[in-house]
Amino acid sequence: MANIDLLPPGAAPDWTIPQDWGSYTAQEHAVWDRLFARQAAMLPARVVPAFMEGLDVLRMSKPGIPDFDELNERLHRATGWQVVAVPGLVPDEMFFEHLANRRFVAGRFIRAPEQLDYLQEPDIFHDVFGHVPLLVHPVFADYMQAYGEGGLRAAKLGMIEALARLYWYTVEFGLIRDGGDLKLYGAGIVSSYGESLFALDDPSPHRIGFDLERVMRSQYRIDDYQQNYFVIESFEDLLRQTRDADLGPIYERLRSHEPIEVGALLPTDRVLHAGTQYYARSGAGA
Ligand code: HBI
Ligand code: FE
């Protein structure tokens with residue numbers, strides 16, 4: 001694991017750097033346009049409507065990498081959030097501190113043309129296309145700030161891993177009911193062509209009703225499509241279940257229980273789809 005606790009040269013003490021939008025090259029803008037066009041064409045029927053509304057409010061269909069100064073005018077007016085540029089992953093507590101103050105940290109760099117389909121570290125397409133449109137939705141915006149505040153409290157209790165799992169299975173890889181359908185909202189999914197298909201259509205992964213404690217116990221994979229997806233009823237329900245939770249007893253039980261293996265199903269799970277786990281077993285993507 002790279003030592004992400006060394007402040008990168010040129011970064012401010014809060015890890016932010018200037019976006020310096022003028023220095024993006026035509027090729028970098030072209031990579032953004034290619035990724036944007038591919039997702040914008042395939043998402044409308046798959047993604048939660050609030051995501052498309054956010055793209056529209058932020059005028060994100062404008063060609064090229066978004067200029068944060070322009071983006072933030074609209075975003076801040078909508079929900080008080082702003083996007084700040086960082087060189088890459090920031091230490092957990094700094095990450096929580098930014099979220100708690102309605103600042104979303106976005107990697108400034110964009111992937112190379114040959115990395116179109118997967119990269120380990122979040123780049124500006126993952127962060128800005130994937131995460132930012134939903135920050136226009138007032139309830140999701142509240143959830144992200146509450147998450148940051150909860151993360152700062154959890155850090156003091158040694159429960160960062162539980163919060164990282166909650167982030168992973170909601171903000172990054174969450175599914176949501178929309179009427180009778182399942183729709184995408186997790187940034188890790190909507191910024192990935194392949195996983196936007198896999199997460200909804202493929203019989204392999206489990207799809208399980210969201211439960212805070214279950215998610216906080218659930219291990220996850222960072223190197224391939226998810227084997228489990230958790231489904232929320234609404235952003236309002238997600239916010240209510242997390243903000244109103246009595247975390248003391250949950251954290252106590254987490255300390256005394258083993259984490260839940262990726263791909264496991266529990267008798268207490270609200271199973272919407274019991275997956276075949278074929279994809280994971282075949283090691284297709286690994
Ligand atoms: N830093 N820039 C950046 N982006 C993230 O998504 C991020 C991070 N640091 C920590 C982190 N995510 C997660 O581990 C949190 O759940 C803690
Ligand atoms: Fe992310």
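**A guided reading of the protein chain**

Guide: In this predicted model, buried residues make up 53% of the 286 residues in the protein chain.

Visitor: What makes a residue count as buried?

Guide: A residue is called buried because its relative accessible area is under 20%. Both His126 and His131 are buried, so each of them falls under that cut-off.

Visitor: How do you know that the radius of gyration of the protein chain agrees with that of a compact globule?

Guide: For 286 residues, a compact globule would have a radius of gyration near 19 Å; the protein chain has 18 Å, so the two agree. Along the principal axes, the C-alpha atoms fill a box of roughly 55 × 40 × 35 Å.

Visitor: What share of the contacts between residues at least 6 apart in sequence joins residues at least 24 apart?

Guide: The share is 69% in the protein chain. The secondary structure of this chain comes to 13 helices and seven strands.

Visitor: Which side chains are counted as positive and which as negative?

Guide: Lys and Arg are counted as positive, Asp and Glu as negative. On that basis the protein chain has 26 positive and 41 negative side chains, and the centres of the two sets lie 3 Å apart.

Methods. Residues are numbered from 1 along each chain as its sequence is written. Chains are lettered from A and ligands numbered from 1 in the order in which they are written. This is a predicted model: local features need pLDDT of at least 70, side-chain atom pairs count only at pLDDT 80 or more; totals for chains, interfaces and linings use all residues. Side-chain values use heavy atoms; hydrogens and water are left out. Buried means under 20% relative accessible area, exposed over 50%, partly exposed in between (1.4 Å probe, protein chains only). Helices (H or I, at least four residues) and strands (E, at least two) are DSSP runs, numbered from the N terminus. The radius of gyration is taken over C-alpha atoms; the globule rule is 2.2 Å times the number of residues to the power 0.38. Contact means heavy atoms within 4.5 Å. The place of a charge is taken as NZ of Lys, CZ of Arg, CG of Asp or CD of Glu.
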